[in-house]
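Me: I would like to learn how to read a surface feature in a model. Please give the general idea, then the case at hand.

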Amino acid sequence: ACAGRRQRGRAARAAMAGGEQRGAPGGPERVALKKEIGLVSACAIIIGNIIGSGIFISPKGVLEHTGSVGLALIIWVLGGGVAALGSLCYAELGVTIPKSGGDYSYVTEIFGGLAGFLLLWSAVLIMYPTSLAVIALTFSNYVLQPVFPNCIPPYNASRILSMVCLLLLTWVNSSSVRWATRIQDIFTAGKLLALALIIIVGFIQIFKGNYEELTPSNAFNFWMTPTVGHLALAFLQGSFAFSGWNFLNYVTEELVDPRRQVSFSMNLPRAIFISIPLVTFVYTFTNIAYFTAMSPQELLSSNAVAVTFGEKLLGYFSWVMPVSVALSTFGGINGYLFTSSRLCFSGAREGHLPSLLAMIHVKRCTPIPALLVCCLATVVIMLVGDTYTLINYVSFINYLCYGVTIIGLIVLRWKKPKIFRPIKVNLLIPITYLAFWAFLLIFSLYSEPVVCGVGLIIILTGVPVFFLGVYWRNKPKCVNRLIESVTCWGQKLCFVVYPQGAVGEEEEAPSARSQRLASETAARK
């Protein structure tokens, strides 16, 4: 039945927050998001989203700001350590508030609707579409490199191939959660194998005695004296390379066994505890391998470090490196699509986005409208936006969101001290993370005031949208009829309905359930 029909439109919107549409007793299997993400796929989502094209292309960002090989390697290890601190905080939040949506769901639960909406607004408007566009363009550039070996691939060819890749993966994610997770598993394994090849070749170089740049006397031979500002920029480069460590929290409801009563025996924290140390190990030893083949000056002059490494040491197999970058970015696009669509789905379920985005396909149980919105937003950014300029604003907004969410963990400890927490980290962990976060944020505001200012403006443009679209309940009947008509049309086009069995329905408190049912009854009247 079309939930957008006029006589049921308001009831459907009221029920949307619970994400529920009951089936008839004895009817077909309930329509709901399927729990098909096991531990291996959960690890693949984290690793696949963290390891993109950066480690293959430009680790020189850290090196050029540190002034020495040794200090650059220390920054890479520290970046992994800070990501680990943040992921421990997100593990507690993920099992305490077991909702899909990640940062958005936690900020909404702790700080209220406006704060959550502003985070959602910036993520849907610019953060994830821009990141997806950059990854897709990197993919197309490396695929087209053999066709245009002596020049940059044409603008139109790069855009068209990027869109084909994006549309293909949108179709895959719309067709089956299992297909999407299998693609993520396969391509994550592929990029780890490529990095393993680099690390193994690096160890062979070390055994041959080619490690001059790694000896203490050379590793800490500074060609420039780094200032506090330089170290902050280097740390920012390193920490951004680890971005994506929180993406599993966006799909909590689709995890097999996201939370058990036995502490640390759960897939969400286990996947985090496996993935972050593994990525830190891989990043650090990949950089060590690079320095066995290149001097710091050679690395700084290279636009694609892994390709240069392959050309110097792999001989006939040097083609493996550009192929690895293409495969890595293909898996990254899939991971971003999978997780960002769940953010749209969660926002719509809370009433912060159009209700159509909270619906899933009646047979495939995939959030097709949310996937289409993510795909369309990325295509628009690709066509009309200066993608590589926008990514500077994205980095600031992303980092700001991390800190606000972890502040929320401390606030939640104070507001709800007795809430059930299967995992409860030591308070020193969020405090230590926030100390690093505050240092980098203050330095960013000081050194890049324009970038940070534009980032804040992008976030604040969501305030009037919130009050007009969400807070203003008594809209004119013509507006409500238009919304209901568009929702009904979208349902028929995508063959979608509200999912049955709300998140946390089994655990919902009696008072919350009675309030929800009362609001639905009032809406029907």
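Me: Which residues form a nonpolar patch on the surface?

Reply: Patches are made of residues with over 30% relative accessible area and no salt bridge; like charges are joined within 9 Å, and nonpolar side chains (Val, Leu, Ile, Met, Phe, Trp, Tyr) within 5 Å. A salt bridge is a side-chain nitrogen of Lys or Arg within 4 Å of a carboxyl oxygen of Asp or Glu. Here the patch consists of Tyr316, Phe317, Trp319, Val323 and Leu327, with about 620 Å² of accessible area together. Areas come from the Shrake-Rupley method with a 1.4 Å probe, and for residues only the protein chains shown count as cover.

This is a predicted model, in which local features need pLDDT of at least 70, side-chain atom pairs count only at pLDDT 80 or more, and totals for chains, interfaces and linings use all residues. Residues are numbered from 1 along each chain as its sequence is written, and side-chain values use heavy atoms, leaving out hydrogens and water.

Me: Is Val323 buried, partly exposed or exposed?

Reply: Buried means under 20% relative accessible area, exposed over 50%, and partly exposed in between (1.4 Å probe, protein chains only). Val323 has 38%, so Val323 is partly exposed. Val323 lies in helix H15, residues 320-349; helices (H or I, at least four residues) and strands (E, at least two) are DSSP runs, numbered from the N terminus.

Me: With which residues is Thr308 in contact, leaving aside neighbours within four places in sequence?

Reply: Contact means heavy atoms within 4.5 Å. For Thr308 these are Met294 and Ser302. Thr308 belongs to helix H14, residues 305-313.
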